[in-house]
Amino acid sequence: MTTPYSSFIKSASIVLVSLGITACDPSISSSTDTTDFSKSYPIESGGTLVNAMTGEPSGLISMIAGESASSAITSNIFNSLLKYDKNLELEGDLVKNWEISADQKTIVFKLKPDLKWADGKPLTSADVLFTWQAVTDEKTASPYASDFQLVKKAETPDPLTFKISYEQAYAPALDSWAGLQILPKHLLMGQDLHTTSFARSPVGSHYYKLDSWAHGENLKLSKNPNSVLGQARINQLITRIIPDNSAQFLELMADHIDYMSLDPIKYSRIIPARPELRKKLALYKELGNSYTYMGFNLKHKPFDDARVRRAINHAIDKQEIIDGVYLGLGINIASPYKPGTRWSNPTLKPYPYDPAKARALLKEAGFNDTDDDGILERDGKPFAFEIVTNQNKEREKSAVLIQRRLKDVGIDVKIRAIEWASFISRFIKTGDFDVVVLGWGLGLDPDQYNIWHSSQQAPGQFNFIGYNNPQADKLLEQGRLELNPDKRMKIYHELSRVLLEDSPIVYLSAGYGLSAIHKRVRGIDNPAPPAGIGHNSQDWYIPQSLRRNEIIQ
Amino acid sequence: MLKYIIKRVLWMIPLLIGISLVSFMIMHLAPGDITNSEAAFNPKASEESRQKLREMYNLDKPVIVQYGLWLKRMATLDFGKSFASHQKPVFWQTTDKDGNVTKGLIQEALPITLMINLLGLGITLILAIPLGIIAARKYQGWQDRSITLFNFIGFSIPGFWLSLLLMYWLGVVNNWFPISGLHSLNYESMNTYDKIRDSLSHLLLPVIIPSITGLAGITLFVKNGMLDVLHQDYITTARAKGLNERKVVYTHALRNALLPLITIIGLSIPGLIGGSVIAETIFAIPGMGKLFYDSVLMRDFPVVMGILTIGSALTLIGNLLADLMYAWADPRVRRGVVRGQ
């Protein structure tokens, strides 16, 4: 959660921390001062990893609680049928293998044998069926129900087989099953998922189980002896809830936590400038799962004209935004897919910064500066619009840089940043905006029907920019019906090309996820694979001699 | 006197209903509801499911109907369940049929905030009263001037800035105090003595810093009260009849000078449950301020209304108590009150 002053506190504390650093005693005493972290240590099980989160999960049933704080914890406790490997390709999690029928309408999942819940009870296809029934149940009102409501029939011919059939082939099905965490039937049968105490004391099947949850303070997880995927190396995971980023950073400096996510200033300025922090902290960057964009309201003039959209795209210097807002810790993208994965079309290049071309395109679209005030006009009306965004420092700063670049080509831009709920209900739902700066996820499944298809424009739906292109519609429909990854890839490469050419949104940047982890934690892949550093967290280990002195129970 | 109290208490009921109606309306006038949270802005989440949630929470009904439903529940002191925190009860714990206890949100947050604020108020008073007296007695002297200077520095320093500085100095540069949180991670395995020491060391900064920033107001109050009283005739009389200065100041003057303080303390009762969002965020304390702030952002109406109702009830009770304490402490007020009825 971002509070209006937390960012203020953040920026103030950055000043403070950087001042404090030079003013105060440079040698921060710590028991690990003399430890040599560059040495290699044998792999050992045991130890405790302490990390920090800014928000507290609302509950630990992920089909109801959708926020990231919740999934950060549940992903250690529950398994899904499928998961993504380090290169973001699907592989079995609870299932040994899966088969797709020739007509692409039926999928048969074969579970691994002898799976157990943390309480020792067997995990079978009945649990999977129960989970499917729960997520599609009207009473659950799960926000993620729609993917699963497409399943026409679900059967469990035997305890290891789960068979589902769809009305018609549905390509995002596999991704949806990778996102659905399987819940234990024997503990949840007949319970109301909204009120059950299971949400605060869950029993899962993954590497860890929840030991305790001190409200507003911490969650403690320890190894699950019945884990379906074998044993993790680190014994205990403790997640502390520290809402303020600066306080988290102080805790990291004082060696009370091992792991936190960083903002670009801490990553590229504060930590590298301090030898004693550099000595004990390792920095990691991984491509995040989202991107920032500027979206046009395509129903408003003059944004219905592709030339105008392209002109604006050329007029914005994306590298400047990446350097200014993210201190260079981001990349330029040309499609709504994560670069380096199969769905991202490698032949596409982002619009280069080219104000001359922008001016030419605007002239072509009928814009001229007739009264010499530096602002273009068409039919006597000046080209002016408002960028609306929510109160998010990065988006606001990006908007300011855009404002300046568009001024250069003769477009007068105003910026309005308002609180999230008001933003959604006053501007997005009503469609009462010209231009927004927002973010979308770089989905692991390429299906983005809900964002781009012309049928998805009703209030509350996600094509709120009003994108309507029959060619894109057709590709989106095809992509949903094609389960063959290679054929599917071609469809989405083509979609990305159409989107780039049409420019209904301007891709601004995809920022890196940055984190600092204490060097006592070993076995982390650097550089990070496409799935990020967390993909093999079960193999991370903390050598005996590097563990904290205090024994945390 | 009793009649007066009963009358005042009865008057609180329509007042409370009025306050709750106004706050309910204001809360619902704010655009958006729980289904518009940032986490729900996900293409995988369909509009139909959001509509279903709205129906489940009665958010699709007119505001006045929703208020009626809320009032009906409040008549049985049922504060309802939070939207945002997985249906946690707002106020007090519930037990389900299997005997699992789910604690209430306010039940968990209130004791923490109350403890911090009471300790803080205590420290403020312990420091402010002597400082105020010294400043009044040495009025315009160097003691007065340095106390005023100190107070206003404390008053002007932004609390979060001082907090971060002290956290850095006491927690990072010198490993003397914990930086944030309420307990150490191994709190459960400590003995009683260590538990108390651990709690106190975690509470030190969150309690001291608001006390320092709050010191200025109360010191000034005591000082001015004291100055007024010290210039009264009866003090001159007391001095003239040869009482020693100690007795004059502490027995005769102080009691009268502290009268206005009663009002301040009475009025600070609702503040005691309020908690500060900034302090609680920085120190990672799960208190009332953070709970209220998060609930407003999430449009978690039952929690917002629960806190507002308890807050306004306490404000009214605080006012009543202040009046009563005043009457008890000052015979003139007491007679005036009785005659007035």
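**Exercise 1. Find how many of the 28 residues of H1(B) are buried.**

Step 1: take the cut-off. A residue is buried if 20 or more other C-beta atoms, placed from the backbone, lie within 10 Å of its own.
Step 2: apply it. The count of buried residues in H1(B) is 1, so this helix is hardly covered.
Step 3: look at its span. Helix H1 of chain B covers residues 2-29 and reaches 41 Å from first C-alpha to last, close to the expected 40 Å. That expectation is 1.5 Å times one less than the number of residues. Helices here are DSSP runs (H or I, at least four residues), numbered from the N terminus.

A note on the ground rules: this is a predicted model, where local features need pLDDT of at least 70, side-chain atom pairs count only at 80 or more, and totals for chains, interfaces and linings use all residues. Residues are numbered from 1 along each chain as its sequence is written, while chains are lettered from A and ligands numbered from 1 in the order written.

**Exercise 2. Decide which elements of chain B have the lowest and highest mean pLDDT.**

Step 1: pLDDT is the predictor's confidence in each residue, from 0 to 100. Chain B averages 83, with 97% of its residues at 70 or more.
Step 2: where pLDDT is low, predicted coordinates should not be read in detail.

**Exercise 3. Work out what share of the 553 residues in chain A is buried.**

Solution: buried residues make up 46% of chain A.

How values were computed:
Helices (H or I, at least four residues) and strands (E, at least two) are DSSP runs, numbered from the N terminus. A residue is buried if 20 or more other C-beta atoms lie within 10 Å of its own, exposed if 12 or fewer, and partly exposed in between; C-beta atoms are placed from the backbone.
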